[in-house]
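This report covers a disulfide, the aromatic pairs and the charges over rings. Look over the sequence and the fold before reading on.

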Amino acid sequence: QVQLGESGGGLVQAGSSLRLSCVVSGRTSGTYAAAWFRQAPGKEREFVATISWSGARTDYLDSVKGRFTISRDNAKNTVYLQMNSLKPEDTAVYYCALGPFTSTSRTAYGTWGQGTQVTVSS
């Protein structure tokens, strides 16, 4: 069974940076794409970023382009989300997810972590 463990969240001021990590443990079936989603209170869970197995393909939510960078280290079974120039509207619980291919849709991902809270104060 595959498990995902997110870390790196916290309370920061606007303009600050955070790096989220997602460690993949357990038995994975070959290659997989990874993604980060987020969910703010009272809102739907939304796509943030996705990355292919090789890292050659990435995609981002328009509002985070140029500020967030998704990356992965397959040797360490870890996926990262570097978040710079954070804004109060980035406040949410951030979730890591795995799936067979890159997609902006939640339904493409079958394995999810428990999430890590990111709070950005103004």
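Buried means under 20% relative accessible area, exposed means over 50%, and partly exposed lies in between (1.4 Å probe, protein chains only). The model is predicted: local features need pLDDT of at least 70, side-chain atom pairs count only at pLDDT 80 or more, and totals for chains, interfaces and linings use all residues. Residues are numbered from 1 along each chain as its sequence is written, and side-chain values use heavy atoms, with hydrogens and water left out.

**Disulfide**

Cysteine 22 is buried, at 0% relative accessibility. Cysteine 96 is buried too, at 0%. A disulfide is a pair of cysteine sulfur atoms within 2.5 Å. The count by this rule is one. Cysteine 22 is joined to cysteine 96, with S to S at 2.2 Å. The torsion about their S-S bond is about -85°, so the disulfide is left-handed. Cysteine 22 lies in strand β3 (residues 18-25) and cysteine 96 in strand β9 (residues 92-99), so the pair ties together parts 74 residues apart in sequence. Strands (E, at least two residues) and helices (H or I, at least four) are DSSP runs, numbered from the N terminus.

**Aromatic pairs**

Rings of Phe, Tyr and Trp (its six-membered ring) pair if their centres lie within 6.5 Å; planes under 30 degrees apart count as stacked, over 60 as edge-to-face and the rest as tilted. The whole structure holds four aromatic pairs.

Tyrosine 32 is in the loop between β3 and β4 (33-39). Tryptophan 53 is in the loop between β5 (46-51) and β6 (58-60), 21 residues apart from tyrosine 32. Tyrosine 32 is buried, with 8% relative accessible area, while tryptophan 53 is partly exposed at 32%.

Phenylalanine 37 sits in strand β4 and phenylalanine 47 in strand β5, ten residues apart. Phenylalanine 37 is buried at 0% relative accessible area. Phenylalanine 47 is buried at 9%.

**Charge over rings**

Which rings does the charged end of arginine 45 sit over? A charge sits over a ring if NZ of Lys or CZ of Arg is within 6 Å of the ring centre and within 35 degrees of the ring normal. One is the ring of tyrosine 95, with the charged end of arginine 45 at 3.6 Å from its centre. Another is the ring of tryptophan 112, with the charged end of arginine 45 at 5.1 Å from its centre.
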